[in-house]
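Dear colleague,

Please find the structure below, together with its sequence.

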Amino acid sequence: MALAKLDVVVLDCPDPRALAGFYAAVLGGTVEEEPGDGTWVDLKVPGGPALAFQRAPGFVPPRWPAPDHSQQFHLDLTVADLDAAEQGVLELGAKPLDADDRERTFRVYADPAGHPFCLCAG
């Protein structure tokens with residue numbers, strides 16, 4: 001029996017509102033901002049776990065790949081068409097990290113705050 005249930009994945013970032021908007025454009029869903037100073041923003045994703053974005057002063061993005069530095073975490077996002085999804089995330093401000101090998105079933109990008117994520121053929 002499990003001790004807990006996954007509620008939300010939280011990403012530290014310099015601008016929670018902007019990063020929530022990026023992921024809302026990629027995944028769909030509804031952005032919900034906590035009242036106050038914009039230090040916490042939720043993204044309710046249809047049919048999946050929620051993502052939350054927390055302001056982190058002094059945030060330093062992970063490096064990909066960097067065996068001497070932690071990548072912290074990454075998201076795997078399943079897509080029907082890698083080329084179309086790539087074009088979409090690049091237009092939204094993602095940066096390619098490891099996307100040159102077109103024979104692989106995944107490509108690696110960084111979101112606008114520098115977190116790595118993979119587009120994976122589904």
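Two strands are said to pair if DSSP finds at least two bridges between them. Helices (H or I, at least four residues) and strands (E, at least two) are DSSP runs, numbered from the N terminus. In this model Asp76 stands opposite Cys118 in E8.

Please note that this is a predicted model, in which local features need pLDDT of at least 70 and side-chain atom pairs count only at pLDDT 80 or more, while totals for chains, interfaces and linings use all residues. Residues are numbered from 1 along each chain as its sequence is written, and side-chain values use heavy atoms, with hydrogens and water left out.

The sheet

Strands of a sheet pair through backbone hydrogen bonds, either parallel or antiparallel. Here, four strands form an open sheet in the order E5-E8-E7-E6, with mixed pairing. E5 and strand E6 (95-98) stand at the edges with a single partner strand each, so one side of each has no neighbour in the sheet. On average, neighbouring strands of this sheet are turned by 35° against each other, direction ignored. E5 and E8 run parallel and are joined by five bridges.

The nonpolar core

A nonpolar core is a set of buried Ala, Val, Leu, Ile, Met, Phe, Trp, Tyr and Cys residues joined through side-chain atoms within 4.5 Å. Buried means under 20% relative accessible area, exposed over 50%, and partly exposed in between (1.4 Å probe, protein chains only). The largest such core has 26 residues, of which Leu19, Tyr23, Phe53, Phe117 and Leu119 touch the most other members. Elements that each supply at least two residues of this core include strand E1 (8-13), helix H1 (16-27), strand E4 (50-55) and E8. H1 provides the largest share, five residues. Contact means heavy atoms within 4.5 Å. Leaving aside neighbours within four places in sequence, Tyr23 is in contact with several residues, among them Leu11, Leu43, Phe53 and Phe117.

Salt bridges

A salt bridge is a side-chain nitrogen of Lys or Arg within 4 Å of a carboxyl oxygen of Asp or Glu. The structure holds five of them. In one, between Asp83 and Arg107, the closest N and O atoms are 3.0 Å apart. Asp83 lies in helix H2 and Arg107 in strand E7, so this pair ties together parts that are 24 residues apart in sequence. Asp83 is partly exposed at 48% relative accessibility, whereas Arg107 is buried at 4%.

Glu86 forms a salt bridge with Arg102, with 2.8 Å between the closest N and O atoms. This pair links helix H2, which holds Glu86, to the loop between E6 and E7, which holds Arg102, 16 residues apart. Glu86 is buried, with a relative accessible area of 11%, while Arg102 is partly exposed at 42%. Asp83, Glu86, Arg102 and Arg107 are linked in a network of salt bridges.

Leu82 is found in helix H2 (residues 82-91) and is buried, with a relative accessible area of 12%. Not counting residues up to four places away in sequence, Leu82 touches residues including Arg104, Phe106, Arg107 and Leu119.

His115 is placed in the loop between strand E7 (106-110) and strand E8 (116-121). His115 is buried, with a relative accessible area of 1%. A polar atom of the His115 side chain lies 2.7 Å from the backbone oxygen of Asp12.

Yours sincerely

Methods:
A polar contact is a pair of N or O atoms within 3.5 Å; within protein, one must be able to donate a hydrogen and the other to accept it, and residues adjacent in sequence count only if both atoms are side-chain atoms. Axes are lines fitted to C-alpha atoms, for helices over the stretch in contact, and angles run from 0 to 180 degrees between N-to-C directions.
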